[in-house]
Amino acid sequence: MGDGVYVGRAAADAALDHGWLLGHFKDPADSRHSEALEIKWGVHPRGDERARWVRGEERTALLVLISGRFRMRFPERDVLLECQGDYVVWGRGVDHSWCAEEDSVVLTVRWPSVPGYRAEPDG
């Protein structure tokens, strides 16, 4: 880390902050500290679902399906991601939830990284 370069493995590093790899919550001396965005590596077994809806979202988000079958839920509709590379983007103020219909791996990018927000297990 002393040279400003960090090399990691998503599965191992994700376990340290509930899946989040990059964001304001990392130590400022860590190359993965960012106030611009947050990145999460999400590994979800079949049937895993968010315990509660996210309400009043303050960020814009992009979720990309790496593998599996993953359903994003929004107030007006559901979006099913079923082919590798399928993705969905939602903006500030859009309530959402999710459910893994098969064992799934997803990559989520959110921006900005909101100070005061803590990485949560269901985030």
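Reader: Which residues form a nonpolar patch on the surface?

Author: Like charges are joined within 9 Å, nonpolar side chains (Val, Leu, Ile, Met, Phe, Trp, Tyr) within 5 Å. Accessible areas come from the Shrake-Rupley method with a 1.4 Å probe; for residues, only the protein chains shown count as cover. Here Tyr87, Val89 and Trp111 form the patch, with about 330 Å² of accessible area together.

Reader: What kind of model is this?

Author: The model is predicted: local features need pLDDT of at least 70, side-chain atom pairs count only at pLDDT 80 or more, and totals for chains, interfaces and linings use all residues. Residues are numbered from 1 along each chain as its sequence is written, and side-chain values use heavy atoms, leaving out hydrogens and water.

Reader: Is Tyr87 buried or exposed?

Author: Buried means under 20% relative accessible area, exposed over 50%, partly exposed in between (1.4 Å probe, protein chains only). Tyr87 has 55% relative accessibility, so it counts as exposed.

Reader: How many disulfides does the structure hold?

Author: A disulfide is a pair of cysteine sulfur atoms within 2.5 Å. The structure holds zero.

Reader: How much of the protein is buried?

Author: Of its 123 residues, 39% count as buried.

Conventions: Patch = residues over 30% accessible without salt bridge, like charges linked within 9 Å, V, L, I, M, F, W, Y side chains within 5 Å. Salt bridge = Lys/Arg side-chain N within 4 Å of Asp/Glu carboxyl O.
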